[in-house]
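Subject: Structure for you to look at

Hello,

Here is the structure that I said I would pass on. Please open it first, and then read the notes below with it in view.

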Amino acid sequence: MDDHYLAAALAQEAGELLLAIRAEGGAVGDRRSNTLLLDRLRQERPDDAVLSEESPDDAVRIGRSRVWIVDPLDGTREYGQPPRDDWAVHVALAVDGVPEAGAVALPAQGGLVLHTGEPPVLAPPQAGPVRVAVSRSRMSREVQRLTAELSATPVPMGSAGAKAMAVVRGLADVYAHSGGQYEWDSCAPVAVAAAAGLHVSRLDGSPLRYNRPDPYLPDLLICRPELAESVLTAVHRG
């Protein structure tokens, strides 16, 4: 199985497990999904390194070209609030710091898995105001300013993966984040979004790089390609 389809298979397996044990709560879900992903990666890619939100960081990854970056449960709070469906599983492979393969599972949305093996087809542009995927509970001042600069319509939802995939699926036009994320929050969504033809970058327009010694990666922009210039200009004005 190649890397693209392995990422998809693992995200799907973890998502199915999370659905089956959802009544046990987010802490159990985080732990058991992480165990599943680590065990499967050891079996399938024993020579690759892994960076996971739910495991201690192993510095050996810094010297490796191939590093799997996973978030076993993106949106623990949303997962713990059934029947909410805006949570995800992220599985990605970074090669020399670049996301090469990735999958985002949305288990509670009909078991949907979006992945780089079969890149999603980007929906045509939608008439009307720009739609910005935003946090339901803690929209940063930077994103508030961006939304105002674009005269955009906010589309509230939960996890980072759910927001990023909303842009991939044509349910939103822009997902901008500031105020703190880590590599596991964005690596898989960025891989899928880039494969679908979306613009992906830091908020200043610089490239997103992964498998750095410090996995803190505080900001992110995923948007429709025809909006990239106007969004980056609005970010700069803000």
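This is a predicted model: local features need pLDDT of at least 70, side-chain atom pairs count only at pLDDT 80 or more; totals for chains, interfaces and linings use all residues.

Strand β2 (66-74) and strand β3 (residues 88-95) run antiparallel and are joined by 7 bridges. Strands here are DSSP runs of E with at least two residues, helices are DSSP runs of H or I with at least four residues, and both are numbered from the N terminus. Two strands pair if DSSP finds at least two bridges between them.

Residues are numbered from 1 along each chain as its sequence is written, and side-chain values use heavy atoms, with hydrogens and water left out.

The strands

β2 also pairs with β1: the two run parallel and are joined by 4 bridges. Serine 52 has valine 70 in β2 as its bridge partner. Is β2 enclosed or open to the outside? It is largely enclosed by the rest of the structure, because 8 of its 9 residues are buried. Buried means under 20% relative accessible area, exposed means over 50%, and partly exposed is in between (1.4 Å probe, protein chains only).

As background, the strands of a sheet pair through backbone hydrogen bonds, either parallel or antiparallel.

There is also an open sheet of 5 strands with mixed pairing, in the order β7-β6-β8-β10-β9. Its edge strands, β7 (153-157) and β9 (199-201), each pair on one side only. From one strand to the next, the twist averages 20° (axes are lines fitted to C-alpha atoms, for helices over the stretch in contact, and angles run from 0 to 180 degrees between N-to-C directions). Within this order, β8 and β10 (residues 220-223) pair in the antiparallel sense over 4 bridges. Histidine 177 has leucine 220 in β10 as its bridge partner.

The largest pocket holds about 600 Å³ of space. It is lined by 33 residues, and the closest to its centre are Arg138, Gly158, Ala160, Lys163 and His177. A pocket is found on a 1 Å grid over the protein atoms alone: it is an open set of points with protein on both sides within 12 Å along at least five of seven lines, whereas a cavity is a set where a 1.4 Å probe fits but cannot get out, and lining residues have an atom within 4 Å of a point. Grid points are joined across faces, edges and corners, and a volume is the space filled by probe spheres set on the points.

Which elements each supply at least two residues of this lining? They are β2, α3 (76-79), β6 (131-135), α5 (160-168), β8 (174-177) and α6 (183-195). Domain 1 (3-115) and domain 2 (131-237) each give at least three residues to the lining; these bounds come from an automatic or database domain assignment. By class, the lining has 11 nonpolar, 12 polar and 10 charged residues. Ala, Val, Leu, Ile, Met, Phe, Trp, Tyr, Cys and Pro count as nonpolar, Asp, Glu, Lys and Arg as charged, and the others, Gly among them, as polar.

The second largest pocket has a volume of about 290 Å³. Of its 17 lining residues, Leu38, Asp48, Ala49, Val50 and Asp58 are the closest to the centre. α2 (26-44) and β1 (49-52) are the elements that give two or more residues to this lining, and β1 gives the most, with 4 residues. The lining of the second largest pocket divides into 8 nonpolar, 2 polar and 7 charged residues.

The loops

Most residues other than glycine have a negative phi, and most peptide bonds are trans. The peptide bond from proline 82 to proline 83 is cis, with omega near 10°. Proline 83 lies in the loop between α3 and β3.

Serine 151, in the loop between α4 (141-149) and β7, has a positive phi, near 50°. Asparagine 211, in the loop between β9 and β10, has a positive phi too, near 60°. Serine 151 is exposed, with a relative accessible area of 57%, whereas asparagine 211 counts as buried at 12% relative accessibility.

Regards
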